[in-house]
Amino acid sequence: MSALKPEIGDVWEINAPNVGTYKALVINTTDFVHPYCITDDFQGAFLWRYSTETYIGKSKASIKDLFEVE
């Protein structure tokens, strides 16, 4: 289950006291201790699994599709 073990394509809501609330898409779980994400304002972030992070669900889009060309 993604909420227990983050997977690529998961969407999380992160409430950072100093920054605000934003959504983050998990893009890498292999090379990092904490999953690496891209945020809805195109910044990089790590998913630390604190109580300020809430699992929203699986993204509708596939990350692999973003790199396909015609």
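Predicted model: local features only at pLDDT ≥ 70, side-chain atom pairs only at ≥ 80, totals over all residues.
Modeller: Residues are numbered from 1 along each chain as its sequence is written, and side-chain values use heavy atoms, with hydrogens and water left out.

Biologist: Why is T39 called buried?

Modeller: Buried means under 20% relative accessible area, exposed over 50% and partly exposed in between (1.4 Å probe, protein chains only). T39 has a relative accessible area of 6%, and is therefore buried.

Biologist: Which residues does T39 touch, leaving aside those up to four places away in sequence?

Modeller: Contact means heavy atoms within 4.5 Å; T39 touches Y22, K23, A24 and A45.

Biologist: What makes the link between the side chains of T39 and D41 a polar contact?

Modeller: A polar contact is a pair of N or O atoms within 3.5 Å; within protein, one must be able to donate a hydrogen and the other to accept it, and residues adjacent in sequence count only if both atoms are side-chain atoms. The T39 and D41 side chains are joined at 2.4 Å.

Biologist: Which strands pair with β1?

Modeller: Strands (E, at least two residues) are DSSP runs, numbered from the N terminus, and two of them pair if DSSP finds at least two bridges between them. Strand β1 (residues 10-16) has 5 bridges to β5, running antiparallel, and 6 to β2, also antiparallel. E13 has T54 in β5 as its bridge partner, whereas N15 stands opposite T21 in β2.

Terms used
Helix = DSSP H or I, 4+ residues; strand = E, 2+ residues; numbered from the N terminus.
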